[in-house]
Amino acid sequence: MAEGDSKTPSARAPRFGEGFLTDIWYFAALSSDLKPGKLQRFEILGEPILIGRGRKGEAYAVRDICPHRAAPLSAGKLTAEADGRESVECPYHGWRFGLDGACTAIPSLVADQAMDVSKIRVRRFPVRESQGLVFIWISADPRFDGEPDIDPPVFPGVVGGKPKLVDRMDFDAHIDHAVVGLMDPAHGPYVHQQWWWRSAKSQHEKSKPFEPREAGFAMVRHEPSKNSRAYAILGGQPLTEITFRIPGLRWEHVTVGRRQVLSLTCLTALSEKKTRITQIVWSDHPAFWLMKPLIAAGARAFLRQDGDMVNLQNEGLRYDPSLLWIDDADRQAKWYQQLKREWAQSRREGRAFVNPVEPARLRWRS
């Protein structure tokens, strides 16, 4: 006896601005967000998911709906079976489910009512922790109960201990629009106008080399643009490399001699109309001790300016217009759509992913 039909999306690449990419790892939370014994409700790809940490330290995730009467399991509590295994107890009728999703007990059954409760299951989502980050695997098949054949990404520059900055914001936008806004190189002078960053009057022609990377692409290591003043606080001769990986991970790795800065942006699709953006910065550079309040204020301003523009963009998107993509400023957005199509097709056909991105030098003005 299994849980009812799930609304998990198909593995086919959907139309831009609709549906989600599946059979892939999504960023869910920081490891520090998961406290032993605490049950937390998340929504990812429109699915209610309980993500927690057992008292022995194991992170787990199951669908946050009890198959009996649909009460959220996250409103219950973490308990223990007679054999020591941990389980989640539903707050409505006390049904209990192991961290693997299998039912362990139905308290209302009496002794002569034979029933194999272990055949009742809630969907389990594979969880991995890496570099202090929690990733959850969303399969196209809701019955999938194995382990993914792909590991979560590993990021360069996770240095200096705990993150120096963490900021979150929910955008009222589909993840596709959030991603292309994140990688768009031409909006900076108009959306992000601060004296310490750049102004609309300060626009230069840019020419940057790009190359394919695992499940994505990168703007290869280079000197930052001269009209990006924020890099000046790092001193020396900073070099930066910006990488994108599907479904929605973008990181900038800056080196200044032996010092490093990693700015990681994680986009997590909560629903068709809402995307969470999580900004995480690690560094062993002294500037992040000396100027942390200023840097944090700047990062918050950036996110909120992008959020304001998303809200403004939604005024036009309500009418479902055709979108015009141009080269070279929109090439990264085109790559993103190609990557999604190839990922979905490769998973559907059971073959290795073939990155469609080819090395290129892109030019734009910003």
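In this predicted model, strand E2 (residues 39–44) and strand E3 (residues 47–53) run antiparallel and are paired through six bridges. Together E2 and E3 make a hairpin that has two residues between the strands, and Leu45, which sits in the turn, has a positive phi of about 55°.

**An open sheet of three strands**

- Strands E1, E10 and E9, in that order, form an open sheet in which the pairing is antiparallel.
- The edges of this sheet are strand E1 (24–30) and strand E9 (127–130), each of which pairs on one side only, and neighbouring strands are turned against each other by 30° on average when direction is ignored.
- Strand E10 (residues 133–138) is joined to E9 by four bridges, with the two strands running antiparallel, and Val127 has Ile136 in E10 as its bridge partner.
- Gln131 is placed in the loop between E9 and E10, and its phi is positive, near 55°, in a residue other than glycine.
- With a relative accessible area of 29%, Gln131 counts as partly exposed.

**A strand with two different faces**

- In a regular strand the side chains alternate between the two faces of the sheet.

- Most residues other than glycine have a negative phi, and most peptide bonds are trans.
- Ala70, although it is not a glycine, has a positive phi of about 70°, and it is located in the loop between strand E4 (59–63) and strand E5 (77–80).
- The relative accessibility of Ala70 is 49%, so this residue counts as partly exposed.
- The peptide bond that joins Ile246 and Pro247 is cis, with an omega of about 10°, and Pro247 lies in the loop between strand E14 (239–245) and strand E15 (249–256).
- Another cis peptide bond joins Asp327 and Asp328, where omega is about -5°, and Asp328 is found in the loop between helix H4 (292–317) and H5.

**Cavity and pocket**

- Rolling a probe the size of a water molecule over the atoms shows where empty space is left.
- The structure holds one cavity of 30 Å³ or more, and the volume of the largest cavity is about 40 Å³.
- Among the residues that line the largest cavity are Gly19, Phe20, Tyr26, His174 and Pro247, while helix H1 (175–183) and helix H5 (331–349) each supply at least two residues of the lining.
- When sorted by class, the lining of the largest cavity consists of six nonpolar, two polar and two charged residues.
- The second largest pocket contains about 440 Å³ of space, and of the 18 residues that line it, Phe16, Gly17, His177, Leu317 and Asp320 lie nearest its centre.
- The lining of this second largest pocket divides into six nonpolar, five polar and seven charged residues.

Technical notes. Residues are numbered from 1 along each chain as its sequence is written. This is a predicted model: local features need pLDDT of at least 70, side-chain atom pairs count only at pLDDT 80 or more; totals for chains, interfaces and linings use all residues. Side-chain values use heavy atoms; hydrogens and water are left out. Two strands pair if DSSP finds at least two bridges between them. Axes are lines fitted to C-alpha atoms, for helices over the stretch in contact, and angles run from 0 to 180 degrees between N-to-C directions. On a 1 Å grid over the protein atoms alone, a cavity is a set of points where a 1.4 Å probe fits but cannot get out, and a pocket is an open set with protein on both sides within 12 Å along at least five of seven lines; lining residues have an atom within 4 Å of a point. Grid points are joined across faces, edges and corners, and a volume is the space filled by probe spheres set on the points. Ala, Val, Leu, Ile, Met, Phe, Trp, Tyr, Cys and Pro count as nonpolar, Asp, Glu, Lys and Arg as charged, and the others, Gly among them, as polar. Buried means under 20% relative accessible area, exposed over 50%, partly exposed in between (1.4 Å probe, protein chains only).
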